[in-house]
Amino acid sequence: MWSRHEKTLAATLADATGLTVDAPAVTALARFTLEAPSIARASEDPARAMHDLFALLEHGWGTTPLARQEDRPSQDG
């Protein structure tokens with residue numbers, strides 16, 4: 001279920017990008033934009049968390065420390 005804010009943001013993003021309002025990229029960006037502040041506020045360092053969240057958005061999962069850990073052999077094997 002979309003919130004009123006998510007619908008408005010998705011419509012704006014769709015207009016700006018030429019994608020449809022229900023395109024996965026539009027939906028994901030709208031939700032990310034609305035959820036990122038609450039995720040940051042819940043962290044010990046909100047400013048750093050917000051920086052990290054937007055770095056993830058800008059550069060992708062493959063550049064995160066978690067993704068780099070996936071490349072390491074597991075300690076149990």
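**The largest pocket and its helices**

Helices α3 (46-59) and α4 (65-70) each contribute at least two residues to the lining of the largest pocket. The model is predicted, so local features need pLDDT of at least 70 and side-chain atom pairs count only at pLDDT 80 or more, while totals for chains, interfaces and linings use all residues. Residues are numbered from 1 along each chain as its sequence is written, and side-chain values use heavy atoms, without hydrogens and water.

Helices are DSSP runs (H or I, at least four residues), numbered from the N terminus. A pocket is an open set of points on a 1 Å grid over the protein atoms alone where a 1.4 Å probe fits, with protein on both sides within 12 Å along at least five of seven lines; lining residues have an atom within 4 Å of a point.

Thirteen residues, written 13 in the count, line the largest pocket. Nearest its centre lie Asp 52, Leu 53, Leu 56, Thr 64 and Pro 65. Helix α3 gives the largest share of this lining, seven residues. By class, the lining holds seven nonpolar, four polar and two charged residues; Ala, Val, Leu, Ile, Met, Phe, Trp, Tyr, Cys and Pro count as nonpolar, Asp, Glu, Lys and Arg as charged, and the others as polar.

How is α3 placed against α2? The axes of α2 and α3 come within 8 Å and cross at roughly 155°. Helix α2 is therefore roughly antiparallel to α3 (angles, from 0 to 180 degrees between N-to-C directions, are roughly parallel under 35, roughly antiparallel over 145, roughly perpendicular from 65 to 115, and otherwise oblique). In their contact (heavy atoms within 4.5 Å), α2 supplies Leu 29, Phe 32, Ala 36, Pro 37, Ile 39, Ala 40 and Arg 41. From α3 come Pro 46, Ala 49, Met 50, Leu 53, Phe 54 and Leu 57. This contact has twelve nonpolar residues, no polar ones and one charged residue.
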